[in-house]
Amino acid sequence: MKAALRTVLIFEFLCCSALAAAEPALPQDRPRRPAHNEIQVALEQLPGEYRSQVRRALRAAGVNGRELIRAVNAARSADESRGLAFLIANMPRRDLRSLPAEFLNENVRLAYRAREETPWGPAIPEEIFLNDVLPYVSLNERRDSWRGDFYERFMAAAKNSGTIKDAVARLNPAAIEELGVAYDAAKRPKPDQSPYESMAAKYASCTGLSVLLVDVLRAVGIPARIAGIPMWRDKSGNHTWVEVWDGGTWHHLGAAEPGPYDQAWFTAKASATDPSDPLHRIYAVSFRRTGLRFPAVWNKKISYIHAADVTARYLKNAPTRSP
């Protein structure tokens, strides 16, 4: 009996050993955080003023830090290195942990290309270009690769316009109409739609339309950002619109609404707001970290959208007639 048992055990052992030898080896190179020396090499390629911020960002990125380093290593010029440094230093944690190198490199290259090709590009100050042309996103919307598509669609029209003012007048609302999106707060699937989500749905709210117009303008090298108010003073709701930098000054306009700068349907309401109440103040989105949170009224848990308080400028430009 013992001899028979011993034979069975030996047979099972040999069979298991043979099966184990036949199985493919498990992969040894599992995703891991970038090593210290890899981070150091990448940092040396970036402007000194961003290195400490990028170092912290790479640590927060976890295993996706390797993608960010790949993007830095793929930069083709000092300008592209500066642009990548700015983005990595300021992007939210969700992007640090998810965006691939190819996404970032394409975005940066096309942004600088637009700056070089447009008549107004060289006049845009560096801090405005980095914060209001280069970013690939405005709010918490899905991260779409829109820049190349919108560059191809609208750059010719923008350059033929000659000035930022004329290009904006031409592209708003014509570009959004060409993309097949209309305003309808009831039919749009959600308020914080990405460009391609709005194009697929055919409808968008004021927020979705503003995201779309900002991306169209940025794709052709025009500094643009989203602005909004959490609640009008008369408590009729919130609103989101677009601001455009032109000749050293920010101007406001409604997305998909024809008309000149600073003469939108909401101009009088904005100029009559109550600056003593944060709920009635006006905020403009900033990709650069500011320490001030943009009030995303569609999701109050979001805390990673940065902002500048621009209420005073709207009050200063208030019309003299009664609103």
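The largest cavity in this structure has a volume of about 120 Å³. The model is a predicted one. In total, the structure holds four cavities of 30 Å³ or more. The protein chain carries 15 helices and seven strands. Of its 323 residues, 48% count as buried.

**The chain overall**

- The accessible surface of the protein chain comes to about 15,900 Å². Carbon and sulfur atoms hold 54% of that surface.
- Take the contacts in the chain with a separation of 6 or more: residues 24 or more positions apart account for 65% of them.

**The largest cavity**

- A total of 14 residues line the largest cavity. Val137, Ser138, Val285, Ser286 and Phe287 lie nearest its centre.
- By class, this lining has seven nonpolar, five polar and two charged residues.

**The second largest cavity**

- The second largest cavity has about 60 Å³ of space.
- Its lining is made up of Phe103, Glu106, Asn107, Tyr136, Asp144, Ser145, Trp146, Arg147 and Gly148.
- Helix H7 and helix H9 (147-161) each supply at least two residues of this lining. H7 gives the largest share, with three residues.
- The classes here are three nonpolar, three polar and three charged residues.

**The largest pocket**

- The largest pocket has a volume of about 160 Å³.
- Tyr183, Ala185, Arg188, Pro191, Ser205, Cys206, Thr207, Asn238, Val297 and Trp298 line the largest pocket.
- Six of the lining residues are nonpolar, three are polar and one is charged.

**Asn105, a buried residue in H7**

- Asn105 sits in helix H7, which covers residues 101-117.
- Asn105 counts as buried because its relative accessibility is 6%, and the cut-off for buried is under 20%.
- The side chain of Asn105 reaches the backbone oxygen of Ala71 at 3.0 Å.
- Beyond its neighbours within four places in sequence, Asn105 is in contact with Arg70, Ala71, Ala74, Ala75 and Leu84.

**Phe129, a buried residue in H8**

- Phe129 belongs to helix H8 (residues 126-132).
- Its relative accessible area is 1%, so Phe129 is buried.
- Leaving out residues up to four places away in sequence, Phe129 touches Ala111, Tyr112, Arg115, Ile124, Leu134 and Pro135.
- Phe129 and Arg218 are 89 residues apart in sequence. In space they are 9.4 Å apart, C-alpha to C-alpha.

**Backbone details in the loops**

- The peptide bond from Asn172 to Pro173 is cis, with omega near 15°. Pro173 lies in the loop between helix H10 (164-171) and helix H11 (174-178).
- Lys235 is not a glycine, yet it has a positive phi of about 65°. Lys235 is found in the loop between strand E3 (224-229) and strand E4 (239-246). Lys235 counts as exposed because its relative accessibility is 65%, and exposed means over 50%.
- Ala256 is not a glycine either, and has a positive phi of about 65°. Ala256 is placed in the loop between strand E5 (249-253) and helix H14 (267-271). At 28% relative accessibility, Ala256 counts as partly exposed.

Definitions and conventions: Residues are numbered from 1 along each chain as its sequence is written. This is a predicted model: local features need pLDDT of at least 70, side-chain atom pairs count only at pLDDT 80 or more; totals for chains, interfaces and linings use all residues. Side-chain values use heavy atoms; hydrogens and water are left out. Helices (H or I, at least four residues) and strands (E, at least two) are DSSP runs, numbered from the N terminus. Buried means under 20% relative accessible area, exposed over 50%, partly exposed in between (1.4 Å probe, protein chains only). Contact means heavy atoms within 4.5 Å. Accessible areas come from the Shrake-Rupley method with a 1.4 Å probe; for residues, only the protein chains shown count as cover. A polar contact is a pair of N or O atoms within 3.5 Å; within protein, one must be able to donate a hydrogen and the other to accept it, and residues adjacent in sequence count only if both atoms are side-chain atoms. On a 1 Å grid over the protein atoms alone, a cavity is a set of points where a 1.4 Å probe fits but cannot get out, and a pocket is an open set with protein on both sides within 12 Å along at least five of seven lines; lining residues have an atom within 4 Å of a point. Grid points are joined across faces, edges and corners, and a volume is the space filled by probe spheres set on the points. Ala, Val, Leu, Ile, Met, Phe, Trp, Tyr, Cys and Pro count as nonpolar, Asp, Glu, Lys and Arg as charged, and the others, Gly among them, as polar.
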